[in-house]
Amino acid sequence: MTGTDLLVVRGLAAGYGAAPVLRAIDLTVPAGTIAAVVGANGAGKTTLLRALSGMIRPTAGQVLLGGEDLRGTPVEQLVRRGMAHVPEGRGVISELTVDENLRLGGLWRRDRADAGRALDEVYQLFEPLARRRRHLGHQLSGGERQMLALGRALVGRPRLLLLDEPSLGLAPRVVARTMALLRQLRDRTGLTVLLVEQNVRSALAVADQGVVMSLGRVVIAAPAAQLRDDVDLRHAYLGF
Amino acid sequence: MSATRAAVPPKQQLVGAGRPADRRRGSTLLRHLAVVLAAGLLLVAVSYSVEPFRNFQLATVAAYFCATAGLTVLTGLNGQLSLGHGALMATGAYTVALCQTAFADRGMTGGWLLPLSLAAAVVSTVAVGAVVGVAAARLRGPYLAGVTLAVAVVVPALAVTFDGVFNGEQGLSVPVEPPPLSLGAYFPYERWQLWVTGAATLLALLLLANLIRSRYGRTFRAVRDDEVAARLAGIHVARTQVLAFVVSAATAGLGGALLAVLAQSVSPGAFSLTLSLFLLMAVVIGGLGRLSGALWGAVLLVALPDLTHSLTELLTLSPAVAQRLEGNLPLAIFGLTLIVVMIAAPGGVQGLLSRLGRALLARRPTRHS
């Protein structure tokens, strides 16, 4: 875990139209670790992910993925560089089948054989999806949709996974399974994860690093264990 | 990075997802080929058993089918509304007229000239379609409808403006060679027309059906459903939309060219805005997003004017009234049909048939969930 920093963000600012949401975000995520971004509603967590994945264009600052400057790179190109974004609300194509959705995630890949292998691995990882290959996206339960969105991202063999509120609207058991899966992916494949969560407790339980955002700024970036244990900090920013 | 590439070692090879899919794709191609061959044989059989006028009508259905199939791919599968497909058909029609005239003027003859002209029609329509498609990819909803509407109005107007080339409202004639002598001296011309248009349409449909089932078909639908999700999956949305427009334009151009070959003439009046609206109504009534629905639409496009013609003949009306009725009744009937179909069967004719089929299946003792 002493490896290089996969994601480096310097002075990132972004917003919608004239309204700035992010102001000078600094953030580093080492390769093979999980960083949890937590904070109150409206802190800019989702906007941070959207700015990182190219869905909105930053107004200032720098985003480096593996040392490569990503400024101005469109979304579909960022995917090819290894940045996978699973948005809130999952981003599943509801009129395509499970299998078609997953294959979509690997369409851009040149290495067809490895894309096929990645697909197999996703089916092994998510047994329910393998059973429902021919079902349409809108026929899935919330948990299955989440698996599908996550699976579609993994078919592209990302280096960095941006996950927005994976716990939203899901049963605690499903959330726990998702978190365990993230840890498993990190340990087995060296996947780097930037996780945005409202559910602070479960996010910090799985993360290596905790990033607390407030009003569009990063106020604290510290080892997750430290955030878990520091009672004052928790009271001040996290409300538990 | 290398660690990520290694990923989860597959412990046991589950049902390999890659290979069965490839096999499926292979069989899809074969299935489509079989359907097309069967349809071709059926057409030949039918062409011998019905009168010449029916042959001509079937050939017209085939020509319209080309255009409606392309439109249903664009609007149904890719979610781009086009009010300008009549103009794309005109592009193909005028190209084929210019090519055939040029060949005839130079005294060139041969069986390969017509296919060459048709190919040229497809190419020129693809060029126009690409330009419109690039604009369309930047626009959504009413704005897209507006631009394609403009195309529908502008293209016939161009034909009138540059009357040195396109001969204005009079239009151009399309010299077409008689059927080859090897078919016999008395081979009916209409049968030959059905063969030519049928073959061209079936070829276009074979390509279209395979495209729909391919990765491109999937990206078309993904972009229609959710552009953001599609982009996040690494799909270039604008490129996909332009591709869909180009494919759709190619078939529309071929359809228009075939119509011109059938009529042996082309004029701006034949490709008015009404035609564009008719095409759109036809694919919606037939069942949007399905090639079978496009076929029903094409049949309607030919059958409805014919129906109104017989209707006005049945009624004893003064010639002036009859003529006016004949001109406007198809449009009115088409509109009414559209409203009724949308209320009674939002899936169109094909959706209704599928539902009937499923209901019949469910009635049989072998129940399935």
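Two residues are taken to be in contact if their C-beta atoms, placed from the backbone, lie within 7 Å. The structure is a predicted model, in which local features need pLDDT of at least 70 and side-chain atom pairs count only at pLDDT 80 or more, while totals for chains, interfaces and linings use all residues. Residues are numbered from 1 along each chain as its sequence is written, and chains are lettered from A and ligands numbered from 1 in the order in which they are written.

The secondary structure of chain A comprises 10 helices and 10 strands; helices (H or I, at least four residues) and strands (E, at least two) are DSSP runs, numbered from the N terminus. The C-alpha trace of chain A spans about 50 × 40 × 40 Å along its principal axes. For 240 residues, a compact globule would have a radius of gyration near 18 Å, and the 17 Å of chain A agrees with this. The radius is taken over C-alpha atoms, and the globule rule is 2.2 Å times the number of residues to the power 0.38.

Two strands are said to pair if DSSP finds at least two bridges between them. Strand β4 (residues 60-65) of chain A pairs with β5(A) in the antiparallel sense over two bridges, and A:Leu64 has A:Asp69 of β5(A) as its bridge partner. Axes are lines fitted to C-alpha atoms, for helices over the stretch in contact, and angles run from 0 to 180 degrees between N-to-C directions.

An open sheet of six strands in chain A has the order β6-β7-β8-β3-β9-β10, with mixed pairing. Here β6 (83-86) and β10 (217-223) of chain A are the edge strands, each pairing on one side only. The twist from one strand to the next averages 15 degrees. Strand β3 (residues 34-39) and strand β8 (residues 192-196) of chain A pair in the parallel sense over four bridges, with A:Ala35 opposite A:Leu194 in β8(A).

In chain B, the axes of helix α3 (residues 52-77) and helix α11 (residues 237-263) come within 8 Å and cross at roughly 165 degrees. The two helices, α3(B) and α11(B), are therefore roughly antiparallel to each other, a term applied to angles over 145 degrees. Their contact has 19 nonpolar, six polar and no charged residues. By this classification Ala, Val, Leu, Ile, Met, Phe, Trp, Tyr, Cys and Pro count as nonpolar, Asp, Glu, Lys and Arg as charged, and the others, Gly among them, as polar.

The axes of helix α8 (residues 189-213) of chain B and α11(B) come within 10 Å and cross at roughly 175 degrees, which makes α8(B) roughly antiparallel to α11(B). Residues in this contact include B:Gln193 and B:Leu211 of α8(B) and B:Val247 and B:Leu262 of α11(B). By class, the contact of α8(B) with α11(B) has eight nonpolar, three polar and no charged residues.

The contact between the chains takes 37 residues from chain A and 27 residues from chain B. On the side of chain B that touches chain A, two or more residues each come from α1 (2-6), α9 (215-225) and α10 (227-232) of chain B. The largest share of that side, six residues, is given by α9(B). The residues on this side of chain B divide into 14 nonpolar, six polar and seven charged.

Notes: Angles under 35 degrees count as roughly parallel, over 145 as roughly antiparallel, 65 to 115 as roughly perpendicular and the rest as oblique.
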